[in-house]
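Here is a short note for someone meeting this structure for the first time. Please read the points with the model open beside you.

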Amino acid sequence: QNPALRVGQHCCIDALLHGALIMRDESVIKFNIQWRDAPLEERDFEDFETLNACRNSLFDDFLIGYDQHLEVGFGNLSVRTNKRQFLISGTQTGHIPRLSLANYSLVKGYDISQNMLVCTGQSKASSESLTHAAVYECSKDIHWILHAHHAGMWKALMDKVPTSSPAVPYGTPEMALEIRRLYDSGGFRTVPIMVMAGHEDGIITYGKTCKEAYRVLKRHFDTVVRG
């Protein structure tokens with residue numbers, strides 16, 4: 001049975017409705033976006049094959065995907081392409097089992113303080129793009145970011161790894177400031193995983209390589225799920 005179909009089977013109606021109210025906000029872009037609808041060329045992105053293979057693995061483990069009960073997608077990932085640009089999975093693509101480059105967007109510029117982002121591609125950039133931008137700004141050595149969703153990991157890791165304030169929502173300048181605070185305090189600098197307390201089930205990992213970012217996420221996933 002598809003894991004998406006199992007969501008909420010053993011939950012009470014009140015809990016499911018509460019989750020729906022939170023999760024329906026998941027794919028909403030909260031920043032001002034300047035989007036140029038134009039095809040990207042795979043030859044311009046040497047890391048695309050690795051990026052897409054990682055996305056396949058995350059989808060297969062239901063760390064990125066689509067909740068059929070709540071009718072909302074979740075999770076995204078990106079790779080830095082130069083100092084202030086990155087390739088990120090597009091918004092509302094969680095339901096697609098296998099992506100192509102048409103389902104990604106190149107973030108070409110942003111201004112976190114102005115809550116603004118510029119992107120190009122056949123898909124608009126993920127609603128979490130400013131969050132990714134904030135993580136990239138923490139260090140030039142960060143080249144890969146994975147944003148997964150998993151209720152078990154989220155609950156198990158809450159306040160045991162760097163954790164954002166529950167009052168701070170995703171995809172906002174406030175979340176960018178929160179990420180910077182966690183990094184500058186040393187926690188997120190030395191432990192490359194964080195829990196987004198104000199973004200139910202949301203977890204972020206990063207690394208210099210895709211393997212680094214994925215290994216951190218997978219280690220915690222295996223611990224929680226497989227014991």
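**Notes on the fold**

1. Start with helix α8 (residues 210–226). Helix α8 lies across β8, β9 and β10 (202–207), and runs at about 140° to β10. Axes are lines fitted to C-alpha atoms, for helices over the stretch in contact, and angles run from 0 to 180 degrees between N-to-C directions. Contact means heavy atoms within 4.5 Å.

2. This is a predicted model, in which local features need pLDDT of at least 70, side-chain atom pairs count only at pLDDT 80 or more, and totals for chains, interfaces and linings use all residues. Residues are numbered from 1 along each chain as its sequence is written, and side-chain values use heavy atoms, with hydrogens and water left out.

3. The chain holds eight helices and ten strands. Both are DSSP runs numbered from the N terminus: helices are H or I with at least four residues, strands E with at least two. Of the 227 residues, 53% are buried (under 20% relative accessible area, 1.4 Å probe, protein chains only). Among contacts between residues at least 6 apart in sequence, 68% join residues at least 24 apart.

4. Eight strands form an open sheet with mixed pairing, in the order β1-β7-β6-β5-β4-β8-β10-β9. Its edge strands are β1 and β9 (193–195), each pairing on one side only. Strands count as paired if DSSP finds at least two bridges between them. Neighbouring strands are turned by 20° against each other on average, direction ignored.

5. Helix α3 (residues 48–60) packs on this sheet and touches β4 (76–82), β5 (85–89), β6 and β8 (144–149). The direction of α3 makes about 165° with that of β4.

6. Is β1 (residues 32–37) largely in the open or buried? Zero of its six residues are buried, so β1 lies largely in the open. Six bridges join β1 to β7 (residues 116–121), and the two run parallel. Asn32 stands opposite Met116 in β7. On β6 (residues 104–111), the pairing with β7 is antiparallel, over five bridges. There, Leu106 stands opposite Thr120.

7. The largest nonpolar core has 30 residues; Leu58, Leu77, Leu87, Tyr104 and Leu217 touch the most other members. Such a core is a set of buried Ala, Val, Leu, Ile, Met, Phe, Trp, Tyr and Cys residues joined through side-chain atoms within 4.5 Å. Helix α8 gives the largest share, five residues.

8. Beyond its neighbours within four places in sequence, Leu58 contacts Leu63, Ile64, Leu77, Leu146, Tyr214 and Leu217. Another core, of 29 residues, lies apart; Ile112, Ile145, Val168 and Met194 are among them.

Methods: Buried < 20%, exposed > 50% of the residue type's maximum accessible area, 1.4 Å probe, protein only.
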